[in-house]
Amino acid sequence: MNKKGLAILMRTRMRPNNDLTKLSLSPLPNRMQSNPQESSGRVMEHRSDDAIKRPDFSGNAERDFDIVRGWMHSAISMKEMEGLDAVLNDFSKGYFSLSLDNRRKLLRLLAKEYDFNRTQVRVLMKQYLGLELPSGDNAQSAGQQDDTPLSAFYHLERNLRHALKPTYEVLFERLNTHPGGLGFLSILRADILSILEEENTASLRALDTYLKEKLSMWLSPAVLELHQITWDDPASLLEKIVAYEAVHPISNLIDLKRRLGVGRRCFGYLHPAIPGEPLIFIEVALLKNVAQTVQEVLWDDPPIPESEATCALFYSISSTKPGLSGINLGKFLIKRVITLVKRDMPFISTFATLSPIPGFMQWLLSKLASQSNLDEVEVATRTPGDESVSTFWENILEPEEERLLIESSQDFVTGKNGMEIMFKLLTLSNHEWISSTKLLSALKRPLMRLCARYLVQEKKRGKALDSVANFHLQNGAIDPSKASFKVEVSW
């Protein structure tokens, strides 16, 4: 093994576990789904490389908290810029040295005590509402020639805009221009999101929304560098690809080299303030045709000559920063990559993604179970001769689908109706039934139809219920002429 390969391997093994924010374009392996890192509070354990050198602390948690709180206050309130960098350094390093409880306590304090002054806003609003607009011809002529009648409005509006800015904006702005500050801000937001999972308080929501808006502005595609990641990149960058690949874990150096070699592409967004670490990266396979399963992509060895490819298949996309959740860098990355591939490889005519449908099975089992329970209640409470059906009951199987399912499942399970049979099949601990061609054929039609219903009709707050479907729909996966959105159903 060469020195570079050894460096990647060793750095990856020594790297502390990182929570991974995923925009999955292909099925998650079981070991990723059961990863203990997915437990509550995971983000709060993150440690920055910059936090290795820590300020000296007393060991008293309350005193240490007061010290870091003092640094945070100084970072916000300092008028002179001289010495600000040292204070920001102390605050960021001190923050990582706090216990998890004290970090949460500090963020709650930041959200409440450094918000905007509502008393001042109310005073300004009363003054504003007390002004009278010019009326009639005077208003029209004033708007065209002279702003004097409206000068009081402009003055109060400016004051209102200033008063509505929370005090913690100063901290965010100063950290953004501080070396390493942007990465630290993303960790702060990851910690805020971790708290919000447990306590959805209004002040923390406001803090999160404001920081998210700031990060969205500072991480606009205009300031991001699209970088093609290759085997020639530094080992420090490649080991991050290995560590953060969240969809299909990279098993060894040969696997990594293959994903960066012939017939494959890997692109990432980098920011000048966070050098050597992609914020998000995407993996692409160049194929003759759209793959039917992800195994065709991962096990395609050797790959076809690139000149024979007609399809660019996006099979994995991973975000490396949990604190950037909800900032849709993936949409812009995909569009930039498509533009680049079209320019460099005009023979590629099809762009597709091979995607899982992570919420479909949970939705289907919930639907089947609820209808089965409702049916039992209806039978128990129905009076003799009453043939009416509850308005909440729905047979999600069509008559022909139900008949075929009942006939083909007799060797495996029995039930009162097709929905009960389907529920039992999908929840069996063994999967011997998947060897039955007849049963698989009977299941294929209802599963595909119900899956289409789940993707197209099931909504939450006006958006697709499925997170991956939402991601694709945001990228134009509506009209087949605009995007290829492949549904893969696997057992």
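Which residues of helix H9 (residues 168-176) are buried? In this predicted model, they are Tyr 168, Glu 169, Leu 171, Phe 172, Arg 174 and Leu 175. Buried here means under 20% relative accessible area, exposed over 50%, and partly exposed in between, with a 1.4 Å probe and protein chains only. Helices (H or I, at least four residues) and strands (E, at least two) are DSSP runs, numbered from the N terminus. An α-helix has 3.6 residues a turn, so residues three or four places apart point the same way. The cover over the buried residues of H9 includes helix H3 (61-77), helix H4 (84-97) and helix H5 (100-113). Helix H10 (181-196) and helix H11 (202-218) are also among the covering elements.

Residues are numbered from 1 along each chain as its sequence is written. The model is predicted, so local features need pLDDT of at least 70 and side-chain atom pairs count only at pLDDT 80 or more, while totals for chains, interfaces and linings use all residues; side-chain values use heavy atoms, with hydrogens and water left out.

The protein holds 20 helices and nine strands. Of its 491 residues, 44% count as buried. Contact means heavy atoms within 4.5 Å. Among contacts with a separation of 6 or more, 72% join residues 24 or more positions apart.

Strand S4 (residues 280-287) is largely enclosed by the rest of the structure, because eight of its eight residues are buried. In a regular strand the side chains alternate between the two faces of the sheet. Ile 280, Ile 282, Val 284 and Leu 286 point one way from S4. Phe 281, Glu 283, Ala 285 and Leu 287 point the other way. Two strands pair if DSSP finds at least two bridges between them. S4 pairs with strand S3 (residues 264-270) in the antiparallel sense over six bridges. There, Gly 268 stands opposite Phe 281. S4 also pairs with strand S5 (residues 311-319), again antiparallel, over eight bridges. In that pairing, Val 284 stands opposite Phe 314.

Arg 189 sits in helix H10. Arg 189 counts as buried because its relative accessibility is 3%. A polar atom of its side chain lies 2.6 Å from the backbone oxygen of Ser 325. Leaving aside residues up to four places away in sequence, Arg 189 touches Asp 208, Leu 211, Lys 212, Leu 215, Gly 323, Leu 324 and Ser 325.

Technical notes: Polar contact = N/O pair within 3.5 Å; in protein donor to acceptor, adjacent residues only side chain to side chain.
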